[in-house]
Amino acid sequence: MPITGKTKITGLFGWPVEHTLSPYMQNSAFVHCGLDYCYIPFPVRPNRLESAIEAIRSLSLSGVNLTIPHKEAAMPFLDEADEEALAIGAVNTITNTNGILNGHNTDGRGFATAIQEQGIILEGCRALIIGAGGASRAIGYYLSRSAKSLHIYNRTYEKAVALASFLSRISGNTDVVQDLSSLSEYDIIINATSLGLKEDDPLPLDVNLLLPFQAVCDLIYRKTPLLMKAEQKGCRTTDGLAMLLWQGAYAFELWTGMHPPIEVMRTALLSIVK
Ligand code: NAP
């Protein structure tokens, strides 16, 4: 669809943004729905975030996504934030309603929908998150409310303690673990570290300890060595592409008020990662 004087602009603020997959899925969704919208990646330097957020108002952008390193830093520059974004302390989506900027966080909901789509049941599960960064915080917020128990493991132990302590305030079922020697007690195991992004990365856990009843999830956008080995052990697996899809679908809904065309967005993503 050609850009016109009426085209509504959305996009992504990040640093860097070169590798983003979001324009493919969002622009495909806009075209499919016949919406005069477009989605543009904006490389926003960390020290320019405040002026970039002000530009959402001055340029009348309809909304943006935020990615590393802006998700937490954006909070003070917004007019409002929904309950989830306030609880997590980070936003990945901003909506602009007549100059009022509202922050949302669709990462946790996106993750939950992605794994439920695979038939993995969160309600009453025993879950382990490996990692204690921003993504762990967002998915931990969701998991802690549905899981029977939620354990956090992280290379830097103090960060795992801090995250577990934060999540315990939402639900008392969260604790920290110091090692990964007892994987058999978990129904769902999630790699939320960046291990697996590089080809020579070590695995985040000992795959010999995995059991066929378990679900193994990786937030990285492709089938990582961890997921391949987990499948060989008979585990169900989910990669981060489905989470990317659903967090983007919820952002689409916030900007347009329309039901997102999930299969169109999924096909767009798969066409560029395969
Ligand atoms: P982050 O805040 O920078 O956290 C990174 C985490 O990875 C920390 O827990 C860190 O541990 C751990 N880590 C990094 N290198 C490690 C290593 N060599 N060994 C062990 N642990 C290591 O990043 P994030 O935003 O949470 O993102 C984490 C992952 O999720 C990334 O791969 C990202 O691409 C992915 N992600 C996916 C989606 C999606 O939609 N699918 C959304 C967000 C993020 P320390 O605390 O010890 O440094």
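User: Of the 21 residues around the ligand, which come nearest?

Analyst: A residue counts as near a molecule or strand if one of its heavy atoms lies within 4 Å of it. In this predicted model, residues are numbered from 1 along each chain as its sequence is written, and local features need pLDDT of at least 70, while side-chain atom pairs count only at pLDDT 80 or more. Totals for chains, interfaces and linings use all residues, and side-chain values use heavy atoms, with hydrogens and water left out. Of the 21 residues around the ligand, those that come nearest are Ala132, Ala135, Asn154, Thr156 and Gly240.

User: How many residues of each class does the shell around the ligand have, and which helix gives the most to it?

Analyst: Ala, Val, Leu, Ile, Met, Phe, Trp, Tyr, Cys and Pro count as nonpolar, Asp, Glu, Lys and Arg as charged, and the others, Gly among them, as polar. By that scheme the shell holds 11 nonpolar, eight polar and two charged residues. Helices (H or I, at least four residues) and strands (E, at least two) are DSSP runs, numbered from the N terminus. Both H5 and helix H8 (240-256) supply at least two residues of the shell, and H8 gives the most, with three residues.

User: Which side chain has an N or O atom 2.7 Å from an oxygen atom of the ligand?

Analyst: A polar contact is a pair of N or O atoms within 3.5 Å; within protein, one must be able to donate a hydrogen and the other to accept it, and residues adjacent in sequence count only if both atoms are side-chain atoms. The side chain in question is that of Asn154, with an N or O atom 2.7 Å from a ligand oxygen. From the backbone, an N or O atom of Gly134 lies 3.0 Å from an oxygen atom of the ligand, and a polar backbone atom of Thr193 is 3.5 Å from a ligand oxygen. The ligand has 920 Å² of accessible area on its own, and the protein covers 76% of this area; such areas come from the Shrake-Rupley method with a 1.4 Å probe, and for residues only the protein chains shown count as cover.

User: Which members of the largest nonpolar core touch the most other members?

Analyst: A nonpolar core is a set of buried Ala, Val, Leu, Ile, Met, Phe, Trp, Tyr and Cys residues joined through side-chain atoms within 4.5 Å. Buried means under 20% relative accessible area, exposed over 50%, and partly exposed in between (1.4 Å probe, protein chains only). The largest core has 32 residues, and those that touch the most other members are Phe111, Ile129, Ile139, Leu143, Ile152, Ile188 and Ile190. Elements that each supply at least two residues of this core include helix H4 (107-117), strand E7 (126-130), helix H5 (134-146) and strand E8 (149-153). A second, separate core has 23 residues, among them Val17, Ala242, Leu244 and Met265.

User: Why is H4 described as largely enclosed by the rest of the structure?

Analyst: H4 is so described because eight of its 11 residues are buried. Among these buried residues are Asp107, Gly110, Phe111 and Ile115, and the buried residues of H4 pack against H5, E10, E11, strand E12 (236-238) and H8, where contact means heavy atoms within 4.5 Å. Just after H4, Gly119 takes a positive phi of about 80°.

User: Where does Asn98 lie, and what is its phi?

Analyst: Asn98 has a positive phi of about 50° although it is not a glycine, and its place is the loop between strand E5 (93-97) and strand E6 (100-104), where Asn98 counts as exposed at 78% relative accessibility. Ser60, also not a glycine, has a positive phi of about 55°, and Ser60 is exposed, with a relative accessible area of 55%. As for peptide bonds, the one from Trp15 to Pro16 is cis, with omega near 10°, and the bond from Ile68 to Pro69 is cis, with omega near 10°.
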